[in-house]
Amino acid sequence: MRPTSSQEPTGPRLRPALEGIPSYRPGRPAAPGSVAYKLSSNENPYPPLPGVMEAATAAAASFNRYPDMMCSALLTALSERFSVPVTHLATGTGSVGIAQSLVQSTAGPGDEVMYAWRSFEAYPIITRIAGATPVEVPLTPGEEHDLDAMAEAVTGRTRLIFVCTPNNPTGTAIARPALERFLDRVPSDVLVVLDEAYREFVRDERVPDGLEIYRDRPNVCVLRTFSKAYGLAGLRVGFAAAHEPVAAALRKTAVPFGVSQIAQDAAIASLRGEEALLERVAALVAERSRVRSELLEQGWTVPPTEANFVWLRLGEDTEEFAAACSAAGAVVRPFPGEGARVTIGEREANDLFLKAAAGFRKGR
């Protein structure tokens with residue numbers, strides 16, 4: 001064994017790129033034993049769709065075996081449901097798992113990955129892990145993507161652009177004309193990822209379905225997830241639609257056997273429960289409209305949202321506001337110094353939040 005001196009390292013050498021990378025912060029759960037609702041993680045408050053629990057339970061009986069690594073049955077079901085060739089599809093551990101594979105497939109040291117800010121907090125993490133340089137373009141005063149500024153920020157080092165629509169955490173979505181103008185300005189060798197984790201909640205007819213956009217644009221990839229509207233957040237399964245070179249790269253960089261058989265079978269069963277899904281999404285959208293309308297009546301500024309949450313820009317009051325909501329029984333997601341994102345939950349949960357918001361505003 002080689003002796004060590006006091007000047008030599010005393011442990012493994014880790015990549016310098018990891019220094020300063022923030023850890024992902026999940027939404028805080030309710031305190032154990034308390035009567036509170038968790039409105040901090042954009043989860044679906046409803047139980048699994050009809051038939052899903054049965055499919056998951058049946059799959060669990062054989063979890064001593066590896067899952068189908070290629071997710072063959074799920075890819076076939078997705079292909080049929082969304083009219084996308086199987087060769088254009090890839091699966092992963094939620095849309096964020098696929099997003100990480102996209103960065104690994106396109107960017108490394110010296111390359112740039114662009115996204116709006118604030119947007120999904122995983123973007124800077126997965127970018128820095130790959131050793132690439134994040135380029136964060138501020139949102140407009142209306143909490144929307146500044147697509148003109150993003151197009152102007154593209155350089156010869158830009159390899160990937162994330163466009164989160166509806167945007168997490170602000171809820172704003174991008175209309176077709178603006179999105180297509182932006183895509184027309186992006187060089188064809190730069191991959192644009194339309195992150196549509198909340199697509200099912202969109203009601204604004206001006207907002208396009210990304211799957212329609214990608215078909216004629218080889219440099220566009222669409223991300224979807226079963227974690228939100230479908231209510232499979234705990235099973236971690238999502239998918240991407242992209243042209244074959246990108247889809248093939250995603251399959252190469254995916255963690256082998258990452259999507260469990262339970263998740264695969266539950267996702268297939270969820271696709272079959274579309275009628276019940278639409279009913280639940282409609283109920284959440286109605287609650288979303290009610291919550292936003294009441295917040296506006298209370299005097300808050302709340303941007304239009306096409307997701308299953310609302311956003312309040314609170315600045316330095318953010319953490320105090322979150323504490324007040326928690327004390328009232330509604331745990332929200334604070335972004336310190338910026339604002340709070342509040343998931344639309346059960347009506348009782350939403351009422352608790354609205355009461356807390358009203359009390360907080362009266363106290364200012």
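This briefing covers a helix, a strand, a lysine and the cavities of one predicted model.

Local features need pLDDT of at least 70, side-chain atom pairs count only at pLDDT 80 or more, and totals for chains, interfaces and linings use all residues. Residues are numbered from 1 along each chain as its sequence is written, and side-chain values use heavy atoms, with hydrogens and water left out.

**Strand S12**
- Buried means under 20% relative accessible area, with exposed over 50% and partly exposed in between (1.4 Å probe, protein chains only).
- Strands (E, at least two residues) and helices (H or I, at least four) are DSSP runs, numbered from the N terminus.
- One side of S12 carries Gly339, Arg341 and Thr343, and the other carries Ala340 and Val342.
- S12 pairs with strand S9 (residues 309-313) in the antiparallel sense over 5 bridges; two strands pair if DSSP finds at least two bridges between them.
- Phe309 has Thr343 of S12 as its bridge partner.
- S12 also pairs with strand S11 (residues 333-335), in the antiparallel sense over 3 bridges.
- Here Pro334 has Ala340 of S12 as its bridge partner.
- The hairpin of S11 and S12 has 3 residues between the strands, and Gly337 takes a positive phi near 80 degrees.

**Helix H2**
- Helix H2 covers residues 72-82, and its buried residues are Leu74, Leu75, Ala77, Leu78, Ser79 and Phe82.
- These buried residues pack against several elements, among them strand S2 (89-92), helix H7 (210-214) and helix H9 (261-272).
- Ser83 follows H2 and has a positive phi, near 55 degrees.

**Lys228**
- UniProt lists Lys228 for "modified residue: N6-(pyridoxal phosphate)lysine" in an unreviewed entry.
- Such annotations may be inferred rather than shown by experiment.
- Lys228 is found in the loop between S7 and S8.
- Lys228 counts as buried because its relative accessibility is 16%.
- Leaving aside neighbours within four places in sequence, Lys228 is in contact (heavy atoms within 4.5 Å) with Ser41, Asn42, Asn44, Ala197, Tyr198 and Phe201.

**Cavities**
- A search of the whole structure finds 3 cavities of 30 Å³ or more.
- On a 1 Å grid over the protein atoms alone, a cavity is a set of points where a 1.4 Å probe fits but cannot get out; lining residues have an atom within 4 Å of a point.
- The largest cavity holds about 40 Å³ of space.
- Its lining includes Thr165, Glu196, Arg199 and Gly210.

How values were computed. 1 Å grid on protein atoms, 1.4 Å probe; cavity = no way out; pocket = protein on both sides within 12 Å on 5 of 7 lines; lining within 4 Å. Points joined across faces, edges and corners; volume = space filled by probe spheres on them.
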